[in-house]
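Here is a walk through a structure that may be new to you. Take a look at it first, and then we'll go through it piece by piece.

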Amino acid sequence: MERKPILRVEGLQTSFFTDDGEIPAVDNISFQVYPGEILGIVGESGCGKSVTSLSIMGLLPAPQGKIKAGSIFLGDEDLVKASEKRMREIRGNEIAMIFQEPMTSLNPLFKIGNQLMEALRVHKKVSKEEAFQRSVEMLRLVGLPRAEELMNAYPHELSGGMRQRVMIAMALICGPKVLIADEPTTALDVTIQAQILHLMKRLNEKLHTAILLITHDLGVVAQVCQRVIVMYAGKIVEEGDVQTIFQNPKHPYTKGLLQSIPDIRAKKERLFSIPGNVPKPGSIRQGCRFYTRCMFREERCRLEDPPYYELENQHRSRCWLHEKEGKTADDTVVASS
Amino acid sequence: MTPLLQVRNLKKEFPIKKGIFSRTVGSVKAVNDISFSVNEGETFALVGESGCGKSTTGKLLLRLIEPQGGEVLFQNENILTFSKEKMRKARRHMQMVFQDPFASLNPRQTVERILEEPLIVHNIGTAKERKQKVYEMLEIVGLQKEHGKRYPHQFSGGQRQRIGIARALMTNPKLIVADEPVSALDVSIQSQILNLLKDLQKQFQLTYIFISHDLGVVRHISDRVGVMYLGHMVEMADSEKLYAEPLHPYTKALLDAVPIADPNVEREVITIKGELPSPANPPSGCVFHTRCAQCMEICKKAKPEWKEVKPGHYVACHLYS
């Protein structure tokens with residue numbers, strides 16, 4: 001099926017320039033987000049998943065964080081080249097983002113209503129009355145009871161789960177094409193997490209907003225996403241639809257990660273574990289980034305970075321093991337099928 | 001065989017203070033009348049969501065905070081009656097591993113010094129013997145002798161948790177209270193530390209109290225599990241039984257809410273509604289009744305009894321009385 005992505009990241013390289021020199025956090029990654037899909041980016045701390053989302057939003061911490069190369073296309077517009085003024089128009093309007101800790105993105109001094117209406121008033125130039133009506137509707141849509149009363153509440157009066165619902169309402173109020181959710185349920189208890197994930201799925205079906213879900217939790221990915229990208233040390237190591245990645249993972253890192261999860265359905269005497277430590281960003285710059293921890297490694301892996309192999313139907317993996325079965329996928333520009 | 005640890009009717013309230021004179025205006029019943037016992041060599045897990053009182057219970061067991069009532073029998077002695085000095089000495093046998101390996105290690109001390117400290121405090125061995133023991137312990141937890149000269153910031157999260165575990169083991173304790181020991185760690189590191197804890201348990205015949213919110217992790221490490229909600233223990237059973245056949249509606253809902261890393265598992269049913277009530281103003285009757293899918297009239301009025309409904313399987317719920 002011919003599908004045109006709404007968001008295309010191509011050859012993105014983001015580095016942090018510190019006193020210790022340049023630290024590459026995201027190292028030449030490319031991917032697409034298609035309309036209406038939920039795409040997961042999964043990886044451990046320091047893999048570059050959050051830096052990817054901040055790069056897209058143009059919210060890298062200045063002056064250390066910089067996009068060194070690559071493009072981020074929203075439709076036909078390259079966001080890397082967009083001015084700050086243009087980015088302000090896009091953020092919250094065409095691409096919105098929710099964060100792990102809702103309190104950091106809600107202003108404690110303003111009422112929920114004001115904060116919701118502000119987004120609408122700025123981006124959509126609607127009247128106060130209309131902004132109020134649409135805000136109340138949005139609060140109802142995210143499953144908050146007594147929406148009118150809530151408009152007059154301050155963020156501290158709400159529980160963590162309710163705040164995250166308000167954040168989602170605020171992110172979706174201008175009808176963005178893409179919602180970036182960075183660990184949206186990590187700070188929540190498991191029963192509240194289940195509610196929020198359910199809500200995100202329901203809204204995705206109803207509003208057809210594409211969601212880029214960034215998480216460390218493979219369980220969350222399996223329950224919510226249609227496609228998934230696995231990142232390790234600043235690179236994409238594998239991508240595919242969730243069925244393929246969870247049933248038939250190919251990259252040794254993805255395999256190891258899936259086996260390491262303590263499954264609630266069955267007790268294992270011993271858990272599988274990947275040896276070694278999660279590398280600090282920028283600590284490995286040559287060869288395969290997973291070399292030091294991989295059980296299939298060869299001498300070549302230490303010296304040469306493996307190419308990205310296309311295995312079958314949109315399933316790609318970056319490992320020398322696929323040299324015989326796969327054909328190399330072009331790294332920077334991956335044609336949409 | 002008598003259990004290593006017996007906890008009876010343990011209670012802890014925190015006062016709520018207000019105004020410039022810090023007048024006490026109410027209290028939070030963080031731990032409300034809970035009882036359990038732990039046998040030597042077993043792993044007893046306390047699970048529940050934030051604010052359920054699991055961490056407070058852990059601290060009470062080592063008397064890092066003082067309870068308002070109840071008994072904690074360690075090797076048949078009620079440690080709550082111990083003098084300060086006697087308690088300090090008893091802690092040699094009961095150690096703790098904390099969640100945040102970044103916050104629980106002194107950044108100004110070398111690892112060697114951090115590990116030696118418990119031995120100095122408890123006056124164990126000569127300087128030379130202590131050094132020897134430090135090096136042995138580093139190897140036991142999967143680090144190297146050279147690591148002793150370094151400072152905590154030079155280690156990754158997983159390595160720091162190994163240091164935290166090593167410190168807890170220095171005095172050859174019998175009981176280790178581990179409060180969310182793997183929650184701050186990445187998945188690939190988490191399984192390393194869980195395996196290490198299991199190995200150490202076999203090697204040193206350790207007894208663990210394992211406090212966690214992660215039901216997957218708990219299934220793998222624990223022999224028995226106690227489920228807590230708003231300061232109350234609502235269910236307790238052998239781990240296998242609890243996961244195979246949970247009785248309390250809260251336990252069922254909690255297990256249902258855990259995302260499973262398998263896209264073919266449909267988990268659409270939300271069996272738990274609403275949010276955790278304020279612990280300062282807990283619901284009447286059964287504390288869970290406001291969120292329970294099977295709530296009955298009686299649940300709003302009467303507190304359910306803690307009952308053994310099957311051998312070794314305890315539950316506090318009106319459905320089973």
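Which residue stands opposite A:Val9 in E2(A)? It's A:Phe31. Keep in mind as you read that this is a predicted model.

## An open sheet in chain A

That pair sits where strand E1 (residues 7-18) of chain A meets E2(A), and the two strands are joined by ten bridges in the antiparallel sense. They belong to an open sheet of four strands in chain A, ordered E2-E1-E4-E5, with antiparallel pairing. At the edges you'll find strand E2 (21-33) and strand E5 (77-78) of chain A; each has a single partner strand, so one side of each has no neighbour in the sheet.

## A buried strand in chain A

Now go to strand E8 (residues 210-215) of chain A. Six of its six residues are buried, so the rest of the structure largely encloses this strand.

Which strands pair with E8(A)? One is strand E3 (residues 38-42) of chain A, which runs parallel to E8(A) over five bridges. Within that pairing, A:Val42 has A:Thr215 as its bridge partner in E8(A). Another is strand E7 (residues 178-182) of chain A, also parallel to E8(A) and also over five bridges. There, A:Asp182 has A:Ile214 as its bridge partner in E8(A). To get from E7(A) to E8(A), the chain passes through helix H8 (residues 190-207) of chain A, making a right-handed β-α-β crossover.

## Chain B as a whole

Over to chain B, whose secondary structure comes to ten helices and twelve strands. Its C-alpha trace spans about 70 × 55 × 50 Å along the principal axes. For 321 residues, a compact globule would have a radius of gyration near 20 Å, and the 21 Å of chain B agrees with that.

Of the 321 residues in chain B, 44% count as buried. If you take the contacts in chain B with a separation of 6 or more, 62% of them come from residues 24 or more positions apart. The UniProt record, an unreviewed entry, places the feature "domain: ABC transporter" at residues 5-255 of chain B. That span is 36% helix and 28% strand, and its end C-alpha atoms lie 27 Å apart.

## A buried strand in chain B

Is strand E7 (residues 175-179) of chain B buried or exposed? Five of its five residues are buried, so this strand is largely enclosed by the rest of the structure. On one side are B:Leu175, B:Val177 and B:Asp179, on the other B:Ile176 and B:Ala178, and both faces are covered.

E7(B) runs parallel to strand E6 (residues 94-97) of chain B, with four bridges joining the two. B:Met96 has B:Val177 as its bridge partner in E7(B). Five bridges join E7(B) to strand E8 (residues 207-212) of chain B, again in parallel, and B:Leu175 stands opposite B:Thr207 in E8(B). Together, E7(B), H6(B) and E8(B) make a right-handed β-α-β unit.

## Where the chains touch

How many residues does each chain bring to the contact? Chain B gives 33 residues and chain A gives 40 residues. On the chain B side, the elements giving two or more residues are helix H5 (157-169), helix H6 (187-204), helix H7 (215-221) and helix H9 (249-257). H6(B) gives the most, with seven residues. By type, the chain B side divides into 16 nonpolar, eleven polar and six charged residues.

H9(B) deserves a look of its own. Its buried residues include B:Pro249, B:Tyr250, B:Thr251, B:Ala253, B:Leu254 and B:Ala257. Part of their cover comes from H8 of chain A, along with H7, strand E9 (224-229), strand E10 (232-238) and helix H8 (239-244) of chain B.

Finally, look for B:Thr2, in the segment before strand E1 (5-18) of chain B. B:Thr2 counts as exposed because it has 10 C-beta neighbours inside 10 Å. Its C-alpha atom is separated by 30 Å from that of B:Gly216, which is 214 residues away along the chain.

Conventions: Residues numbered from 1 in each chain as written. Chains lettered and ligands numbered in written order. Predicted model: local features only at pLDDT ≥ 70, side-chain atom pairs only at ≥ 80, totals over all residues. Contact = placed C-beta atoms within 7 Å. Nonpolar A, V, L, I, M, F, W, Y, C, P; charged D, E, K, R; others polar. Buried ≥ 20, exposed ≤ 12 C-beta atoms within 10 Å, placed from the backbone. Pairing = 2+ DSSP bridges. Right-handed = clockwise from strand over helix to strand, strands pointing away. Rg over C-alpha atoms; globule rule 2.2 N^0.38 Å. UniProt positions renumbered as here; feature names shortened; annotations may be inferred.
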